[in-house]
Amino acid sequence: MELAVLSQSKLTSQNFILNKENLCITSRFTWKLRKIFAENGKEIDQYISQKKVSLLDGKTMKEDASPLSLLPEPWSLKDIRKAAERIVSAMQKKEKITIFGDYDVDGTTSCAMLKHFFTDINYPVDVYIPDRLVEGYGLNKIGLQKIADKGTTLVITVDNGIAAVDACEHALSLNLDVIITDHHDIPPTLPNAFAILNPKQKDCLFPYRMLAGVGVAFYLMIALRALLREQGMACPINLKNYLDYVALGTIADMAPLTGVNHTLCKVGLEVLSQNIQNGNRLGLFHLLKLAGWNENSKIDSVDVGFKIGPRLNAAGRLGNALRSVDILYTNEDQNILEMAQFLHAENSERQQLEKAFTQEALAQVAALAELPEALVLHKEDWHPGVVGLVATRVLDKFYRPVLVFGTLDGKLKGSGRSTHSFDLFSVLNEVRHEFISFGGHFHAVGLTLAPEKLPWLREYLAKKAGEIILAQDKIPLLHVDGILSLNDMSPHFLRKLEQFEPYGVENPRTRWLVGPAQVKHVKRMGKDLSQGHAKVLLLENARDVWVTAFGMADIFEEFLATGVDIQLVVEAKLGNWNGKISPEIKVIDYAPVIYSS
């Protein structure tokens with residue numbers, strides 16, 4: 001049995017106040033307590049009120065008001081009026097406009113949303129997404145040449161372009177105006193574009209910096225509709241109807257679900273459910289059904305992240321991402337079920353490649369004489385569309401910065417993932433001149449590298465990780481929101497927590513420290529009992545409560561056999577089983593309780 005490095009005496013708020021920085025360290029997590037309160041209604045209501053204000057960036061909303069009333073106006077977004085005026089001018093002059101997207105879900109939803117919008121206002125536009133293997137990521141010379149050859153004079157990028165310095169210079173030589181809408185971190189040199197919309201620009205006054213690419217594109221639509229109406233042009237469009245695209249792209253791209261993003265996604269998921277129920281998103285309906293979705297249940301962020309997102313992503317990882325745009329946008333294609341089945345099959349192939357490549361990557365690490373502070377892995381045949389997923393798996397295993405590369409056309413194409421304390425983008429941005437291409441965020445990057453520079457990169461990244469990452473940061477953090485009894489996780493209490501949905505990055509489902517408890521019964525579940533999923537009956541405060549422990553059956557069977565009391569971190573939500581609403585409590589981590597004399 002795994003022992004907690006830091007054990008406690010009796011589990012009370014008073015004991016934890018003395019040591020709230022580190023509740024407990026297990027082999028999996030360091031538990032960190034966000035909030036301390038006892039099990040009484042007043043303190044729970046205070047917690048819920050404080051969380052609501054925090055989630056909305058300090059704003060308050062009237063009970064009968066729409067969440068959309070909290071959204072900031074678009075005009076503080078740098079260059080947005082300039083961009084909207086250029087688009088209106090292009091429409092008046094009948095210029096050809098092309099949307100230049102990215103091949104991930106953020107990019108494809110942005111493309112589908114803008115295509116839908118322009119179609120609704122009776123102005124046709126083209127959509128172009130580069131081939132990952134031939135053109136690489138983002139705005140590029142090959143794609144721009146193709147677009148110019150077809151008569152385009154205005155290019156609007158979505159979810160890319162902020163680092164496309166050379167491509168924008170090439171666009172000028174082709175007499176193309178480029179409007180960039182992006183959300184990635186700002187490079188040292190900005191491209192020479194007609195307009196750049198990115199809330200992360202230092203001189204941008206937009207009050208929320210963490211929009212996804214589809215969120216930036218949505219704000220361009222708000223400004224464009226306002227300007228069209230201002231100039232007397234008909235634009236009877238309800239922009240709320242497009243928010244399902246925003247929710248899909250924002251959640252799938254793992255943007256923070258706080259502030260503006262939370263508002264957009266909360267309403268967007270409602271719109272998505274309505275559109276699917278009304279038959280307006282047949283492609284997404286078929287994708288969800290193929291992924292095992294119960295059509296009687298509401299669609300939440302988990303459905304987007306684990307059912308819709310991977311299947312939309314699969315087209316861009318292994319083939320042409322325009323398939324994902326088509327299935328998002330079209331609703332009348334008689335082959336829409338076949339389109340969904342194709343993406344489902346592509347996702348299955350991606351899963352197989354990911355599993356095989358991950359095993360090879362882990363074998364490379366196992367063969368190292370010593371585990372370095374950062375991992376840089378490479379194999380010739382690793383598919384560039386899957387290396388980011390492999391990097392995530394390696395990070396989960398070793399929790400240290402990871403770069404994973406495959407080879408394409410004699411160049412190394414890779415993706416990186418990082419820990420909570422290591423800004424991978426900033427560290428690599430310091431030497432971006434060493435890369436053929438580079439971009440990303442704090443925790444995730446994409447880059448292209450000359451093969452001869454791989455040894456240097458291994459040494460550089462390991463050295464920087466050794467300098468920056470502290471010993472206590474080498475175990476993932478598990479943030480705990482408060483101390484609560486299992487019995488207090490009632491349907492009434494859990495309904496109060498539903499107002500914070502959708503949950504996701506920087507807004508995780510609320511986690512509670514519970515115990516001490518005694519394991520009374522362990523019942524393995526699932527078709528394959530060897531996977532170790534179990535229902536566990538716990539005795540806490542003289543009352544029995546069932547919890548679910550995925551992959552932990554062996555551990556709880558040992559607790560049962562030894563009789564050692566247990567403390568747990570759990571998540572809870574309301575579940576619906578055959579029409580019966582009841583709490584579902586899931587174990588996140590566990591540790592034995594060691595009582596002091």
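Biologist: Where does Asp409 lie?
Modeller: Asp409 is in the loop between strand E9 (402–408) and strand E10 (411–417). Strands (E, at least two residues) and helices (H or I, at least four) are DSSP runs, numbered from the N terminus. This is a predicted model, so local features need pLDDT of at least 70 and side-chain atom pairs count only at pLDDT 80 or more, while totals for chains, interfaces and linings use all residues. Residues are numbered from 1 along each chain as its sequence is written, and side-chain values use heavy atoms, with hydrogens and water left out.

Biologist: What phi does Asp409 have?
Modeller: A positive one, about 55 degrees, although Asp409 is not a glycine.

Biologist: Is Asp409 buried or exposed?
Modeller: Asp409 is exposed, with a relative accessible area of 65%. The cut-offs: buried is under 20% relative accessible area, exposed is over 50%, and partly exposed is in between (1.4 Å probe, protein chains only).

Biologist: And Ala542, what is its phi?
Modeller: Near 65 degrees, a positive value in a residue other than glycine. Ala542 is in the loop between strand E16 (534–540) and strand E17 (543–549). Its relative accessibility is 73%, so Ala542 counts as exposed.

Biologist: Switching to prolines. Which peptide bond to Pro502 is cis?
Modeller: The one from Glu501, with omega near 5 degrees. Pro502 sits in the loop between helix H17 (491–497) and strand E15 (511–524).

Biologist: What about the bond from Gly515 to Pro516, cis or trans?
Modeller: Cis, with omega near 0 degrees. Pro516 is in strand E15 itself.

Biologist: Now helix H8. Why is H8 largely enclosed by the rest of the structure?
Modeller: Because nine of its 10 residues (243–252) are buried.

Biologist: Which ones are buried in H8?
Modeller: Leu243, Asp244, Tyr245, Val246, Ala247, Leu248, Gly249, Thr250 and Ile251. Just after H8, Met254 takes a positive phi of about 60 degrees.

Biologist: At what angle does H4 pack with H8?
Modeller: About 165 degrees, with the axes 8 Å apart; H4 covers residues 105–120. Axes are lines fitted to C-alpha atoms, for helices over the stretch in contact, and angles run from 0 to 180 degrees between N-to-C directions.

Biologist: Roughly parallel or antiparallel, then?
Modeller: H4 and H8 are roughly antiparallel to each other. Under 35 degrees counts as roughly parallel, over 145 as roughly antiparallel, 65 to 115 as roughly perpendicular, and the rest as oblique.

Biologist: Which residues of H4 meet H8?
Modeller: Val105, Asp106, Thr109, Ala112, Met113 and His116. On the H8 side they meet Tyr245, Val246, Leu248, Gly249 and Ala252. The contact residues (heavy atoms within 4.5 Å) divide into seven nonpolar, three polar and one charged. Here Ala, Val, Leu, Ile, Met, Phe, Trp, Tyr, Cys and Pro count as nonpolar, Asp, Glu, Lys and Arg as charged, and the others, Gly among them, as polar.

Biologist: Cysteines next. How many disulfides?
Modeller: The count comes to zero. The rule asks for a pair of cysteine sulfur atoms within 2.5 Å.

Biologist: Last one. Where does Ser66 lie?
Modeller: In the loop between helix H2 (41–55) and helix H3 (80–92). Ser66 is partly exposed, at 38% relative accessibility. Ser66 and Thr263 are 197 residues apart in sequence and 9.7 Å apart in space, C-alpha to C-alpha.
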